[in-house]
Structure formats: C-alpha cells, structure tokens
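Thank you all for coming; I would like to walk you slowly through one structure today, and I will begin with a single term before turning to the chain itself. Please have a look at the sequence and the model while I talk.

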Amino acid sequence: MSEIKRIAITPGEPAGIGPDLVLTLAQHKHQAQIIALADPVLLAERADLLGLSIKMIEVDLSAPPKIAESGELYVMPHHLKVPVTAGQLDKLNSRYVLETLQTALEGCLSHEFDAVVTAPVHKGIINDAGAAFTGHTEFFADGAGVKKVVMMLATESLKVALATTHLPLREVADAINRDELSQVIEIINQSMRQHFGLVNPRIAVCGLNPHAGEDGHLGREEVDIIQPVIDAYIKAGYAVSGAWPADTIFNQDKLLNYDVVLAMFHDQGLPVLKHHGFGKAVNVTLGLPFIRTSVDHGTALDLAASGQANPSSLYAALSMAIAMANTH
Ligand SMILES: NC(=O)c1ccc[n+]([C@@H]2O[C@H](COP(=O)([O-])OP(=O)(O)OC[C@H]3O[C@@H](n4cnc5c(N)ncnc54)[C@H](O)[C@@H]3O)[C@@H](O)[C@H]2O)c1
Ligand SMILES: N[C@H](C(=O)O)[C@H](O)COP(=O)(O)O
C-alpha cells in the first residue's frame with residue numbers, strides 16, 4: 001500500500017458547521033491526502049461566506065495519492081439536491097448526505113480510502129426525509145455487514161466506550177445481555193491492542209442501575225448479566241473490572257487505574273466525556289473492517305457560516321485516523 005494514505009472526509013449536514021470545518025482544515029497541510037466527498041458549489045459558497053480562500057482539485061483515484069498544499073482541497077464531487085442556506089435544514093438534501101456516506105463506506109471497503117473521517121450529520125432531518133438512520137456508527141456497521149461495533153469517544157486522558165449506542169432509554173436494559181456485552185469487551189480489548197498499543201487494556205465496566213444495582217436491590221442486570229460476564233473475562237486473564245457504580249467510577253483518582261471506561265448507555269458515559277473534553281475528543285468506531293473517526297459534537301446550526309465553529313475535534317479526528325491508518 002502507498003506511503004501516503006488517502007483519507008475520505010464527509011462534511012455531513014450541509015446547513016451545519018461541517019463544511020466550515022472541512023474548509024478550515026484545508027487551510028493547512030496534512031500528512032495524508034484528504035478527499036472531501038462534497039458538493040464543490042457548497043464548499044465554494046461557504047468559503048466565500050467565511051472569507052476563506054480555497055482551491056478545489058477534483059481527485060483522480062487512479063493517480064498516486066498526493067498531499068494537498070495549504071489552501072487546497074481534493075474533492076470527489078457529490079451534488080446537493082437543493083441549494084443550502086447556512087443554518088437551515090432541508091430534508092431534500094438528506095439523500096445527498098447519505099450519498100456521501102455511501103461513497104465513503106464503499107471506498108473504505110474497497111480500500112480506495114484508508115480511513116473515513118466524518119463531520120456531523122443531523123439525524124432528525126434524515127429521518128424526516130424518510131430514511132431510518134440512527135447514526136454513522138450504525139450506518140457503517142450495517143453497510144459493512146458487521147453485527148457488532150463499539151462507539152468510543154476519546155481524549156488524551158479519557159476513553160469512554162458504550163455498550164449500547166443510539167437507543168431510546170426505554171430499550172436500553174433489554175439490549176444488554178451476556179452475549180452482546182461479551183462482544184463489546186472483545187472488540188474493545190482487540191482494538192486497544194491493535195490501534196492504541198495497550199497489550200492488556202484495563203477496562204472498567206459500569207453497572208446499569210444506580211449504585212450498580214445495590215446487590216440486586218436496585219435492579220438485577222448487574223447480578224444476572226454484567227457481573228457474570230466480567231467474572232468470565234477476569235478468569236480468562238483480561239484486565240476487566242466492575243461492575244462499578246457509574247456515579248463514582250469517573251472520579252479522577254479512580255480513572256488513573258483504567259484505560260477505558262465501558263458505560264452501558266449513551267448518556268451514562270458521554271456527558272462525562274464531553275464535560276471533560278468537549279471540542280477535543282474523537283469519536284471512533286471500534287470493530288469495523290476499516291478506520292472511521294469523527295468529531296465529538298453535532299451540527300451546531302447556530303454557528304454555520306459564522307466563523308465561530310471550533311475545528312479542534314475535527315483536527316483530532318483526522319490526526320487519529322492518519323495515525324491509525326499508518327499503524328494498520
Ligand atoms: N458525529 C455526528 O454526526 C454528531 C454528533 C453529535 C450530534 N450530532 C447531531 O447534531 C445535531 C445537533 O445536536 P446538538 O444540538 O445536541 O449538539 P451540537 O454539538 O450540535 O451543539 C451543542 C452546542 O455546542 C455548540 N457547538 C457544537 N459544536 C461546536 C464547535 N465545533 N465549536 C463551537 N461550538 C460548538 C453548539 O453551538 C451548541 O451550542 C443532532 O441532530 C445530533 O444528532 C451529530
Ligand atoms: N453519539 C455521538 C455523540 O454524541 O457525539 C453522535 O451522536 C455521533 O454518533 P455517530 O458517530 O454514530 O453519528
């Protein structure tokens with residue numbers, strides 16, 4: 001494989017800050033060929049609004065990968081269905097968003113791309129357009145034919161993985177069973193070894209219920225499901241521990257003992273992670289047959305075309321994708 005990696009980047013919701021962030025990223029040179037899967041007209045219009053200068057180059061995937069200079073951006077054109085006003089969602093463009101994700105998926109599966117980095121999409125408007133869509137994580141897992149993947153958000157000092165992803169809270173407890181939880185622990189363990197240089201990652205597993213179920217008096221998921229899985233992995237030599245009460249496992253002194261905290265559901269783990277490092281965290285999907293990283297924030301419609309969007313998380317997501325691609 002070529003020394004210069006090819007990284008696809010999807011700007012996501014066209015009315016949000018994704019296009020702004022991709023244009024900001026392109027003001028600098030990166031150690032890979034970055035290819036935006038986007039409408040060049042949208043990018044040119046947004047660059048004008050932001051006062052950024054950009055030279056777009058239509059990518060030729062049959063040519064060897066080349067690193068763009070500062071102010072240049074390789075683009076694989078996709079076309080908006082209707083013109084975009086920054087900050088205003090239009091469900092007619094949801095198909096465009098999904099087309100960019102589909103190209104990224106296919107390009108990663110065929111190894112044309114070494115990784116994909118995604119900027120935020122708006123899940124609601126895609127559903128309003130009639131497509132069942134809960135997130136990139138599930139979209140890429142389904143598209144790759146993978147039954148189980150793990151969403152993990154990471155900063156330099158904290159990694160939080162989720163046992164369940166975008167599920168209504170009412171469905172969370174039913175989604176946690178021994179088989180699923182075992183798969184999650186296997187994926188985290190394997191990914192930490194392969195991509196993060198951790199030989200036997202220390203995984204702190206949260207309980208589901210308050211105080212990890214208080215010995216079965218506040219819910220039985222810990223006793224019946226979570227603890228038996230943890231015990232089996234401890235017996236097998238994994239550095240897994242728990243079930244820890246989620247309200248205390250995130251205390252700073254406790255976190256020193258672990259590499260990854262495994263939360264049982266989205267809003268058990270992510271508020272802590274985002275409080276700790278919003279704007280500099282990376283969302284990485286573990287267990288896919290390709291590398292996918294993303295930002296830690298949403299579409300921020302209020303900031304589109306304002307020049308106020310912080311690009312740090314996209315930079316961090318790109319850096320992680322390049323590092324993972326180079327060690328793959
Ligand atoms: N990776 C993704 O695709 C992703 C991630 C999270 C949320 N979302 C989606 O985004 C949409 C909006 O979600 P939300 O409003 O809950 O969260 P949001 O992250 O878009 O916004 C929350 C707050 O953070 C601010 N903010 C977000 N990103 C910022 C940045 N880069 N710089 C400065 N400020 C920033 C926003 O202005 C807002 O005040 C939803 O549809 C959600 O599903 C997508
Ligand atoms: N759960 C993510 C977050 O809160 O940051 C976000 O919704 C993105 O999920 P996908 O990467 O699956 O789109």
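When I call a residue buried, I mean that 20 or more other C-beta atoms lie within 10 Å of its own, whereas exposed means 12 or fewer, and partly exposed covers what falls in between. Please also keep in mind that what you see is a predicted model.

With that term in hand, let us take His-166, which has 14 other C-beta atoms within 10 Å and is therefore partly exposed. His-166 sits in the loop that runs between strand S7 (159–162) and helix H6 (169–175), and, if we set aside residues up to four places away in sequence, His-166 touches Thr-134, Gly-135, Glu-138 and His-266. In the UniProt record, which here is an unreviewed entry, His-166 is listed under "binding site" together with His-211 and His-266.

His-211 counts as partly exposed because 16 other C-beta atoms lie within 10 Å, and, beyond residues up to four places away in sequence, His-211 touches Leu-218 and Pro-245.

Now to the ligands. Which residues surround ligand 2? They are Gly-135, His-136, Thr-137, His-266, Leu-270, Asn-283, Ser-294 and Asp-296, and by class they divide into one nonpolar, six polar and one charged. Helix H5 (136–144) and helix H11 (266–277) each supply at least two residues of this shell. Around ligand 1 there are 19 residues, the closest being Pro-120, His-297, Gly-298, Ala-300 and Asn-310, and that shell is made up of seven nonpolar, ten polar and two charged residues.

A further "binding site" feature in the unreviewed UniProt entry is placed at His-136, Thr-137, Lys-274, Asn-283 and Arg-292. Thr-137 belongs to helix H5 and is buried, because 24 other C-beta atoms lie within 10 Å; leaving out residues up to four places away in sequence, Thr-137 touches Val-149, Met-151, Thr-165 and Thr-285. Arg-292, in strand S12 (residues 291–294), is buried as well, because 27 other C-beta atoms lie within 10 Å. With residues up to four places away in sequence again left out, the contacts of Arg-292 are Ala-115, Val-116, Thr-118, Phe-140 and Thr-285.

Let me stay with helix H5 for a moment, where His-136, Thr-137, Phe-139, Phe-140 and Ala-141 are buried. What covers these buried residues includes helix H3 (94–109), strand S5 (115–118), strand S6 (150–154), strand S11 (282–286) and S12. Just after H5, Gly-145 takes a positive phi of about 70°.

Stepping back, the protein chain is divided into domain 1 (6–146 + 288–326) and domain 2 (150–274), with their C-alpha centres 30 Å apart. The contact between the two takes six residues from domain 1 and six residues from domain 2, and on the domain 1 side these are one nonpolar, three polar and two charged.

What about the interior? In soluble globular proteins, nonpolar side chains tend to be buried together. Here the largest nonpolar core has 109 residues, of which Ile-7, Ala-36, Ile-188 and Leu-262 touch the most other members. Helix H12 (residues 312–326) gives the largest share of this core, eight residues, and, because domain 1 and domain 2 both give residues to this core, it lies between them.

I will finish with some backbone details. Most residues other than glycine have a negative phi, and most peptide bonds are trans. His-111, however, has a positive phi of about 70° although it is not a glycine; His-111 lies in the loop between H3 and S5, and counts as exposed because it has 10 C-beta neighbours inside 10 Å. Ala-305, in the loop between S12 and H12, also has a positive phi, near 65°, but Ala-305 is buried, with 20 other C-beta atoms within 10 Å. Finally, the peptide bond from Gly-242 to Ala-243 is cis, with omega near -5°, and Ala-243 is placed in strand S9 (residues 240–244).

Methods: Residues are numbered from 1 along each chain as its sequence is written. Chains are lettered from A and ligands numbered from 1 in the order in which they are written. This is a predicted model: local features need pLDDT of at least 70, side-chain atom pairs count only at pLDDT 80 or more; totals for chains, interfaces and linings use all residues. A residue is near a molecule or strand if its C-beta atom, placed from the backbone, lies within 6 Å of it. Helices (H or I, at least four residues) and strands (E, at least two) are DSSP runs, numbered from the N terminus. Ala, Val, Leu, Ile, Met, Phe, Trp, Tyr, Cys and Pro count as nonpolar, Asp, Glu, Lys and Arg as charged, and the others, Gly among them, as polar. Domain bounds come from an automatic or database domain assignment. Two residues are in contact if their C-beta atoms, placed from the backbone, lie within 7 Å. UniProt positions are given in the numbering used here, feature names are shortened, and annotations may be inferred rather than shown by experiment. A nonpolar core is a set of buried Ala, Val, Leu, Ile, Met, Phe, Trp, Tyr and Cys residues joined through C-beta atoms within 7 Å.
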